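Colleague: I have some questions about the words used for this model. Please set each value against its definition.

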Amino acid sequence: MQGALAMTYLWLKAGHIIFVIFWMAGLFMLPRYFVYHQETEIGSAEDSKWIDRERKLLKIILNPSMVVVWVFGILLATSQHLWGEPWLHAKLFLVLLLSGYHGWMAGYAKKLARGERTLGDKQLRLLNEVPGIVAALVVVLVIVRPI
């Protein structure tokens, strides 16, 4: 029985890491899409293509990956009885922030689809750094467990 539980843990961990990679890749791509999208003329054929690309990235990669990351993460924390660990609390806080960033980016995609362009290229390029910074902090919390 112990072996089966250990194998389940390893599969959950592998799945969690795989979908974190997918989620992060999408979070790196979406702001870049926005930069290119904003260079197009509102209502043009190219504008429509970017709207479709952003929608597909969100619906096919980003949204499902985020859900699977949360499900596997909760299962991992539960299976290892980690809910009392301070490093996990900090990690969850950062993942909540990243989930909020994901939601904000989805909202900005909807704004672009309506022809609203409220951010500049420089702001979008800076926003592109958010997932990398959060990912680095999460890795340190999980591997080093400084708190």
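Modeller: Helix 1 gives the largest share of the lining of the largest pocket, 7 residues. The model is predicted, so local features need pLDDT of at least 70 and side-chain atom pairs pLDDT 80 or more, while totals for chains, interfaces and linings use all residues. Residues count from 1 along each chain as its sequence is written, and side-chain values rest on heavy atoms, without hydrogens and water.

Colleague: What makes a set of points a pocket, and a residue part of its lining?

Modeller: On a 1 Å grid over the protein atoms alone, a pocket is an open set of points with protein on both sides within 12 Å along at least five of seven lines; a lining residue has an atom within 4 Å of a point. The largest pocket has a volume of about 690 Å³, volume being the space filled by probe spheres set on the points, which are joined across faces, edges and corners. It is lined by 29 residues, and H16, I17, K91, V138 and V142 are the closest to its centre. Two or more lining residues come from each of helix 1, helix 2, helix 3 (86-113) and helix 5 (130-143).

Colleague: How do you class L10?

Modeller: L10 has 45% relative accessibility, so L10 is partly exposed. L10 is also in helix 1.

Colleague: Which residues does UniProt annotate as "binding site"?

Modeller: The unreviewed UniProt entry gives H16 and K91. They span 76 residues in sequence, but no two of their C-alpha atoms are more than 14.0 Å apart, so they gather at one spot. Both H16 and K91 are in the lining of the largest pocket. UniProt positions follow the numbering used here, with shortened feature names, and annotations may be inferred rather than shown by experiment.

Colleague: Which residues does the "transmembrane region" annotation cover?

Modeller: The unreviewed UniProt entry lists 17-36, 57-76, 88-105 and 126-144. In the model, residues 17-36 are 100% helix and 0% strand, with end C-alpha atoms 29 Å apart. Residues 126-144 are 84% helix and 0% strand, with end C-alpha atoms 27 Å apart.

Methods
Helix = DSSP H or I, 4+ residues; strand = E, 2+ residues; numbered from the N terminus. 1 Å grid on protein atoms, 1.4 Å probe; cavity = no way out; pocket = protein on both sides within 12 Å on 5 of 7 lines; lining within 4 Å. Buried < 20%, exposed > 50% of the residue type's maximum accessible area, 1.4 Å probe, protein only.
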